Amino acid sequence: LSADGEITSKPMVLFLGPWSVGKSSMINYLLGLDDTPYQLYTGAEPTTSEFTVIMHGPKLKTIEGIVMAADSARSFSPLEKFGQNFLEKLIGIEVPHKLLERVTFVDTPGIIENRKQQERGYPFNDVCQWFIDRADLIFVVFDPTKLDVGLELEMLFRQLKGRESQIRIILNKADSLATQELMRVYGALFWSLAPLINVTEPPRVYVSSFWPQEYHPDTHKDLFLKEEISLLEDLNQVIENRMENKIAFIRQHAIRVRIHALLVDRYLQTYKDKMTFFSDGELVFRDIVEDPDKFFIFKSILAKTNVSKFDLPNREAYKDFFGINPITSFKLLSQQCSYMGGCYLEKIEKAIARELPDLLGSIGLGKKPNVLSCDVTGCGETPKNRYRKP
């Protein structure tokens, strides 16, 4: 299961997209950091080469990635597994901002389509996947001049499969185009993304310019302003829903643990069935690990339990798993029961089927729908300059 730090962490908002589309500018704007010592560096060239975590702290402070990963109380300690090269590309910034008491922002290096992953010096896609799996809201930001969908972006959308409800598409710098041109670009963006997001309900697209400058004259100012307010309400809703998201996150992990336990149990049972007094245990188990389908290991789990075939792990992963954890070190699930404590598997199944859903239901009952509480979320500290416009 996840570390306690992940379960108790604040909701995370992840910013993804091509380089120089305005991801860092958007964070500066949402937090009102422009022209303050806290602002993130921005520019026309690819400027963000690190994964930058913007979180709350009593005073402005930069934290090196190696320090963040070494602190087990933080939710970022699992990032250590991506190696020291990556940790040099991870940075934390603590800012004394009210909104950050409720949410953490993560800025990512821009996607550069002609760059191979190896050139980054760390597993970029794996790191992105780690953040995607934990994000409560994922802003994929585009600008009108960077709509080309190349290999790195395609790979990213493949990684976003199953997280469609968390994705919001941002068409940024919208006031740089005349209305007719903007409509063409909006259509082109949908055309590019349609093959990558195969869902009945397309993600919400926000069209605006998320930075503090005045909108260009003769553009759709009212529309852009409404889009901004909608996006802030969306962000607020995610913050309000953070407890539900955490419970759902824990349940998702519990389902994975249950499937893993069932599979290990099945591998072990198959091994015991095939072993005789004269068998070479190593050879018997190698045969099972090399071709689990010959022994119906995965099919038997699907046939006997309410496991979705889409949740089954990769067969290859179990070669690695048993390479590190010998099969003889496990006990059958049926032997892991006690008179007082019950059975481990029954406990986890009860948590998945009843306890966690009941907990979700009890939280939902106490909520008032669509009430925006700025006292709670600190949304009063969102940028004020835009609202001075006539």
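**Close-up views of a predicted model**

**View 1. Helix H6 passes helix H7 in a right-handed crossing.** H6 and helix H7 (residues 151–159) pack at an angle of about 35°, and their axes lie 10 Å apart. On the H6 side, the contact is made by Phe124, Asn125, Asp126, Cys128, Gln129 and Ile132, which meet Glu152, Met155, Leu156 and Gln159 of H7. Sorted by class, this contact of H6 with H7 holds five nonpolar, three polar and two charged residues.

**View 2. The largest nonpolar core brings together 48 residues.** Look for Phe131, Phe157 and Ile169, the residues with the most contacts inside this core. Helix H6 (residues 124–134) is its top contributor, giving six residues. Zoom in on Phe157 and you will find Val140, Phe142, Ile169, Leu193, Leu196 and Ile197 touching it, leaving aside residues up to four places away in sequence. A second, separate core has 28 residues, among them Val21, Ile93, Leu100 and Val103.

**View 3. Helix H12 (residues 297–304) has buried residues that line one face of the helix.** The buried residues here are Ile297, Phe298, Ser300 and Ile301. Seen down the axis of H12, they fall within an arc of 160°, so they line one face. What covers the buried residues of H12? The cover includes helix H10 (242–274), helix H11 (281–290) and helix H13 (315–324).

Technical notes:
Residues are numbered from 1 along each chain as its sequence is written. This is a predicted model: local features need pLDDT of at least 70, side-chain atom pairs count only at pLDDT 80 or more; totals for chains, interfaces and linings use all residues. Side-chain values use heavy atoms; hydrogens and water are left out. A nonpolar core is a set of buried Ala, Val, Leu, Ile, Met, Phe, Trp, Tyr and Cys residues joined through side-chain atoms within 4.5 Å. Buried means under 20% relative accessible area, exposed over 50%, partly exposed in between (1.4 Å probe, protein chains only). Helices (H or I, at least four residues) and strands (E, at least two) are DSSP runs, numbered from the N terminus. Contact means heavy atoms within 4.5 Å. Axes are lines fitted to C-alpha atoms, for helices over the stretch in contact, and angles run from 0 to 180 degrees between N-to-C directions. A crossing is left-handed if the near helix is turned anticlockwise from the far one by less than a right angle, and right-handed if clockwise. Ala, Val, Leu, Ile, Met, Phe, Trp, Tyr, Cys and Pro count as nonpolar, Asp, Glu, Lys and Arg as charged, and the others, Gly among them, as polar. The arc is that of the directions from the helix axis to the C-beta atoms.
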